[in-house]
Structure formats: C-alpha cells, structure tokens
Amino acid sequence: MRLATAHEPPAFDPLHEPTTPAVLYLDDISVSFDGFKALNRLSLIIGEAEMRAIIGPNGAGKTTMMDVITGKTRPDTGTAYYDRGRCNLLKMHVAEIADAGIGRKFQKPSVFESQTVGDNILLALKGPRGAISSIFGARGRVTRERILEVLERVSLADAVFKPAGELSHGQKQWLEIGMLLAQDPKLLLVDEPVAGMTDAETEATAQLLKSIAKTRSVVVVEHDMTFVRALGVQVTCLHEGRVLAEGTLDEVSANERVIEVYLGR
Amino acid sequence: MFLAVLAAMAIVVPALNLLLPPASLLHIPGQTVELLGKYLCYALLALAIDLAWGYCGILSLGHGAFFALGGYAMGMYLMRQIGARGVYANPLLPDFMVFLNWKQLPWFWHGFDHFAFAALMVVVVPGLLAFVFGALAFRSKVTGVYFSIITQAMTYALMLAFFRNDMGFGGNNGLTDFKDLLGLPLQAPGTRAALLVATILALAGSYLVARLLVTSAYGKVLVAIRDAESRVRFLGYRVENFKLLVFTVSAIMAGVAGALYVPMIGIINPSEFRPEASIEAVVWVAVGGRGTLVGAVLGAVGVNYLKTVVTTGLLAPFWLFVLGGLFIAVTLALPKGLMGAREAIRKLMNRPTSVPSAIPEAAE
C-alpha cells in the first residue's frame, strides 16, 4: 500500500529541484456540491510511467477527481501538483493543463464526428494552439507521417480519410485514445475506455494501454473487472470521495470494506 | 462558381439597367436593382450568421443588432450630408434635433461628416460590441440556447434604447430623408447601380474571408468546437478565443451589410433591432443550409424573394405563417437546407443502379 507516503509534505519551491518524483500528486482534496462531499480529503500519488486502475461504486468521486486534475472543478481544500511538483494544477486553466501534458478521455466517446479520422488527430497534435496563428496555417505544418504514426498505434491507419462519425463505438474509443497520444501527454486520464466494447476489443485496449504505460503515466477508471485484471496494475478503490483501499487487484478485492460497498458478496 | 455568378451579376445588372432604354425587353427597372441590392445585403447578413452558427455552433439571435448598428453609422453620415437642405434648413443640426430644440450636436455625432470616419464606425461599433459581449459570454461559458436568449435580450434592449428621443438617433422615426452619398445623388440610377456593385463586392469579399477562415486549420477547430466543445477544451485550446474571433468577424460583416442596406432603402429606424428580424435572418440560413456559406446566400435571397411575392399578393396577411411553415418544413424534410438537398440528389444520381430499390424513388 502506498497510502502512507501521501501525507509527507513535499517541497514545492520552484527555484529548486523538485523533490517529489510523482507525476501526479493530490493531497487532502475536498470538493463539495451543495453540501454533498464529492471528494473527501482525497490523496493520491501517481509515479512516472505508472498505470493505476481506479475502481469504486457510482458517486465515489472518480469523475470529480478527474475534473479537479484537469482544472474543470476547483477543490475547496487541498493541493494538486503535476510533473514532479513543477505545476500547481489548482492555479492553471483547463487549456494550460492540457498543454502541460495531461490528456483526458471522456466516458462517452467524444470525437469530432463530421471531420475525418486524420483531422481528428491533426487537431489533437501538439503544436501552436492560438486562434490567430491557426488561420495562417500553424496547424497545417504538422506532418502526415506523425498522424499516421499515431493512427497505427490505435489500429486506425486505414480509416484516415473516413469521417469519424462512421467509426464503430470501439473504434471511436480508440480514436479518442489516439487523440490523447497525439497530444504527447505525460499523464493520461482514461474514463471507462472499454464500456460497450466486445471482448476482443477489450483485450486489444488493455494491450494498447499497457504499451502506452511503458513511457507515460496512465490513470484508468473502469468497472470491468476482467479488464482491470488484464491490466495487471495497482488498483485504488474510491468510496464516498476518499481512498478505501489500494494495492494489487487481489489485495483490494479481498478487502472486507471493498466487498461490502462495491464488489458485493 | 458562386463568385462567377456574383461577378456576372455585378456587370450584367447595372449594364441592363443603365444602358438599355426602358422600353427594351431586357431593360432591368431601377426598382429591381434596388430590390436585388436589398436581397444581397440580407445575403451578407445571412453569410455572417452562417459563419458563426454553421461552423462554430454559435446561434446568435441578435445579429440584427449588428446589422442595425452598421446601418445607423452609415445613416449618421447620410444625415450630415443633408447639410442645410433639411426642412428646417439648419446647416448645423439634423432636422430631428432642431425639432427637439437641441442647440448643439451631441458629441457622438462628431466625425460623421467624414465618410472615412463613418466607414470606420460601421466596422468598429458592431465589432466592438460583439467583442465585449462575446468576451463576457464565452469566458463565462454561456453556450447553446442560453447564449441565443441573451443575444435576443441584447437586440431588444438596443431597440428600446434607440426608440428614445434622448438617445440622439432620431427616436421612433430613425434617420431618413437622405440626399447624397459621397456627393452623388442617392436617387440617381447610376448611384443605385454603384451601390449594387458595392454590395456585390462586399458580399464577394466577405465570402472569401469566410472561406479562408473555414478552410484553414482555424476552421477545423471551429467545427470541432461545434461538434464536441469540451473535447476541444481538454485538448488544450482556448475555446473562448476561437469563438470570440469568429463572432466578432461575423458581427463586422453584419454591420457592413447594414451600412450598404441603409442608402439603398433610404431609412434606418429602431425596428431594425426587432428580435423577430434576427430570428428571420436565422431562418434564411436554415433554409439555405447551414455550414455551407453559399447556402446562406441562397436562403436569404430565396426567402426574401418569396416574401416580396407573398406580401404583395393575396397571401400578404399570412406572411409570418408562410415563413413559420417554411421553417418547419425545412427542419423536418431538409435538415441540411437547400444545399443539403442538392448534395443528396447529386449522391443519388451518382449511385450505381445495383443499390437498394428504394433509392430511385427518392431521387424523383
């Protein structure tokens, strides 16, 4: 269990070499909506090139946690740092956080349906993102090879000229993961990537995420236990806005409280 | 193709109007030139709406306000051109100010003696309003129907303000009784033909600007915002900046349309700010097919031609029903408007005959 380390105060002096090796460091985060505590003193640390699976019942705070990390929701209390303590996430705008290298995949596949698969990747590719500069072609200079390279990783290279709206549900999920890769992020937040996928697609997605996690940190929220098992990574179970248990899937699923609130007897 | 049609129109219509004697069969009467000019001003307004709505999903129901502001800026210049030829023959003040017993020109009327200043204001006033309004709305993430409603409120508030005599824009009557534009008599056929050509040039120029915007990478981001705004946001784009730019450009185009409209029609009054006027303009775009630019122009000209025909005939009292019916019919039967229908027919024509049997029927 890693929970113990989460409460050590890290040094966040930007002038000095950061001391926390964590890519993502959340400490004591609380968010409440009209009195309902969506997150209750949540602490979580994700290391470099670490993949973590997050499980937990509905309303456990999984999506709110992603909202806090990506700057969509500001917590009432707590600290959130990214990239070895270099970035204070609570002081950054959504676009700045994305630009700093945190990519987020939504639960519902969210791609640009009326544009081609290739253009979807083009829009996601790292590069200048200004409104004015885009008129004069700053985006256009990105190479075709780079787009195909990303599409090959998510097995969509053949569909490069196809409108994204014509893809199957599973392919849209992959395209969105491809868009995240095109952003070249350090940390990927992936919300229920295999919901609605066939078994074969689920297996392929597990392989894809594992290969991504060789060089990047990945946080996966998922209900599908077969999939979580296939990932074979550390699991964090959230409940009522805080960490209930952390460890391997076997450890977590043996935990009395986890069985009680989530897995069922 | 679209530009070629505009170019042909710019040459042929004035030529047939000015060069042929009225008795000739091919002669185009001055009234038709005026009507065409009016339609094309509406077409430019529709193009502006389509740029923001069709490509970025920003449904403004207040574009009539930008159109009217551009019109007022031009109207103020035209008022100053009247000089001492007004009913009260006051060389310093427009008639309505004399009537209100004002002694001096309000500060915001200064500068409108010069065409260049007025032309600048045609662009700056709608552009600035759109910029400030858009900055507040887009930064606060006001989207969809909520945005549409506040644009309605904006144009309604401006209408009420311009109705007041104290505002200094002629109140209820607005600005009218214009004499010249750049020293040319407004009623002369030559001036009207020149105005038509100017309108065509403005429409063509705006079309090119819009095309440039939507075909660039910027346009791809706009469409992406339309289809999945939060995805774009989480990819690291400042969505509000993209929206603000397209909304401001669109408002400027609407202002130019209004400025060309006023000398053609000869009057500008607060009724141009009517909320219904903005909604009607959105219907033109929907009928033509949004997100196509050319469709917006076709829709504006087509619906307004229909309006001219209907409101001068027996159906006159029922125009709004006709318009409403048209909107419902298009929404149900042609969700992509006239351009969508053209596209669908073209696709059906190109299909090989071996495809399902239902298709030939649909092609008829």
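## A walk through chains A and B

Start by selecting chain A: of its 265 residues, 45% count as buried (20 or more other C-beta atoms within 10 Å of a residue's own, with C-beta atoms placed from the backbone; 12 or fewer is exposed, and in between is partly exposed). Keep in mind that this is a predicted model, where local features need pLDDT of at least 70 and side-chain atom pairs count only at pLDDT 80 or more, while totals for chains, interfaces and linings use all residues. Residues are numbered from 1 along each chain as its sequence is written, and chains are lettered from A and ligands numbered from 1 in the order in which they are written.

Now colour chain A by secondary structure, and you get 10 helices and 10 strands (DSSP runs numbered from the N terminus: H or I of at least four residues for helices, E of at least two for strands).

**Next stop: where the chains meet.** Show both chains: 20 residues of chain B are in contact with 25 residues of chain A (contact means C-beta atoms, placed from the backbone, within 7 Å). On the chain B side, the elements giving two or more residues are α8 (217-227), α9 (229-234) and α10 (239-265). Pick α8(B) to see the largest share, 7 residues. By type, chain B's side has 12 nonpolar, 3 polar and 5 charged residues (nonpolar: Ala, Val, Leu, Ile, Met, Phe, Trp, Tyr, Cys and Pro; charged: Asp, Glu, Lys and Arg; polar: the others, Gly among them).

**Then try one helix.** Select residues 144-163 of chain B, helix α6. Its 20 residues should span 28 Å at 1.5 Å a residue, and the end C-alpha atoms are 29 Å apart, which agrees (the expected span is 1.5 Å times one less than the number of residues). Which residues of α6(B) are buried? They are Phe147(B), Ser148(B), Thr151(B), Met154(B), Thr155(B), Leu158(B), Met159(B) and Phe162(B). These cover an arc of only 130 degrees around the axis, which puts them on the same side of α6(B) (the arc is that of the directions from the helix axis to the C-beta atoms).

**Last stop: Ala46(B).** Leaving out residues up to four places away in sequence, Ala46(B) touches Ala281(B), Trp284(B), Val285(B), Gly288(B), Ala296(B), Val297(B), Gly299(B) and Ala300(B).

Note on methods: Contact = placed C-beta atoms within 7 Å.
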